[in-house]
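Dear colleague,

I am passing on the structure below, together with notes on what turned up in it. Please read the notes alongside the coordinates.

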Amino acid sequence: LTLAVVLPERNLTYPWAWPRVGPAVRLAVAAVNARPDLLPGFTLRSVFGSSEDRHGDRHGVCSEMAAPLAAVDLRLAHHPAALLGPGCVYTAAPVARFTTHWRLPLVTAGAEAHGFDDKQEQFGLTTRAGPSHRKLGELGVQLHRRFNWTRRALLVYWDEKVDDRPCFFAAEGLYVQLPTLRNLTVRDVVFRDGGNFSFIIQEIKQKGRIVYVCCAPETLRELMLQAGREGLTRGDFAFFYIDIFGASLQGSHFPEPQRPWKRGDRHDASARQAFEAVTIITYKEPENPEYRPFLARLKEEALTHFNFSMKDGLVGHRAWN
């Protein structure tokens with residue numbers, strides 16, 4: 001049996017880049033083949049195709065053209081029984097439509113967007129093993145019900161309209177789900193790198209008391225410093241930072257967390273005070289006893305077979321463009 005894998009080959013800014021996922025695939029294939037009772041009469045193997053655009057720089061980005069072409073090539077050459085990946089939203093969508101047509105299951109740790117909830121037709125055979133922004137939206141609904149926040153919510157997020165647009169799709173989950181609460185008004189403020197924080201603060205003052213923020217950790221710190229100077233961190237406003245993979249909390253050694261406000265500069269004291277108004281929404285690092293030995297094996301596999309030094313945390317390195 002063949003497992004086809006379509007993921008970014010070299011670009012480590014993606015949580016599901018092949019050097020991160022490949023070691024786990026190798027371990028899984030070896031574990032299955034070591035158990036003859038799991039697939040009697042069969043041997044499992046994996047084949048790989050890249051979802052990256054090779055016409056960009058040395059590390060291409062997820063490409064909605066390259067990914068489906070790679071999937072078709074693997075389908076014709078190897079006749080896989082299932083497909084793993086892609087993770088990026090814009091690459092996963094066309095590949096998932098193909099696998100539904102082929103009647104092949106697709107498993108991905110990405111494809112977080114709300115649209116993948118459609119299981120009636122085009123994404124009927126797609127299984128997401130990672131984050132779902134619909135669940136993020138449902139968490140927001142539960143928070144508003146629990147604390148009786150019934151009037152306004154504001155989504156403040158970074159979006160350059162390039163690559164996989166992680167904050168756009170994260171905000172989408174909240175934007176779709178929060179209006180299911182009767183009479184709740186949901187507004188959004190979109191900004192780009194080098195955004196005008198004064199403008200954002202004025203928008204928060206006018207449009208929201210419950211504020212959901214998605215951006216790079218450094219940008220969040222600058223925003224909260226400005227919010228502190230404007231008096232928005234004294235209890236009248238609640239800020240929720242969407243940090244799915246915990247980038248703002250990644251310390252140098254597991255399980256020691258990073259202080260998201262701390263940079264070792266003269267603004268640390270003010271930032272710490274401002275961050276008292278912030279709640280970070282993220283996945284929790286596993287604490288079960290099997291996790292640490294598995295992570296050690298994963299690191300060894302990554303270094304030996306992929307020449308990649310994997311760091312601790314949900315994602316060793318998650319960069320923002």
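The notes below cover the domains, their interface and the aromatic pairs.

This is a predicted model, in which local features need pLDDT of at least 70 and side-chain atom pairs count only at pLDDT 80 or more, whereas totals for chains, interfaces and linings use all residues. Residues are numbered from 1 along each chain as its sequence is written, and side-chain values use heavy atoms, with hydrogens and water left out.

The protein is divided into domain 1 (2-131 + 287-319) and domain 2 (133-281), with bounds that come from an automatic or database domain assignment. Their centres, taken over C-alpha atoms, are separated by 30 Å.

At the interface, 20 residues of domain 1 are in contact with 16 residues of domain 2, contact meaning heavy atoms within 4.5 Å. Between the two domains the rule finds 1 salt bridge (a side-chain nitrogen of Lys or Arg within 4 Å of a carboxyl oxygen of Asp or Glu). Asp117 forms a salt bridge with Arg134, and the closest N and O atoms of this pair are 3.7 Å apart.

A search of the whole structure finds 9 aromatic pairs, that is, rings of Phe, Tyr and Trp (its six-membered ring) with centres within 6.5 Å, counted as stacked if the planes are under 30 degrees apart, edge-to-face if over 60 and tilted otherwise. The rings of Phe98 and Trp102 have centres 5.5 Å apart and planes at 10°, so this pair is stacked.

Best regards
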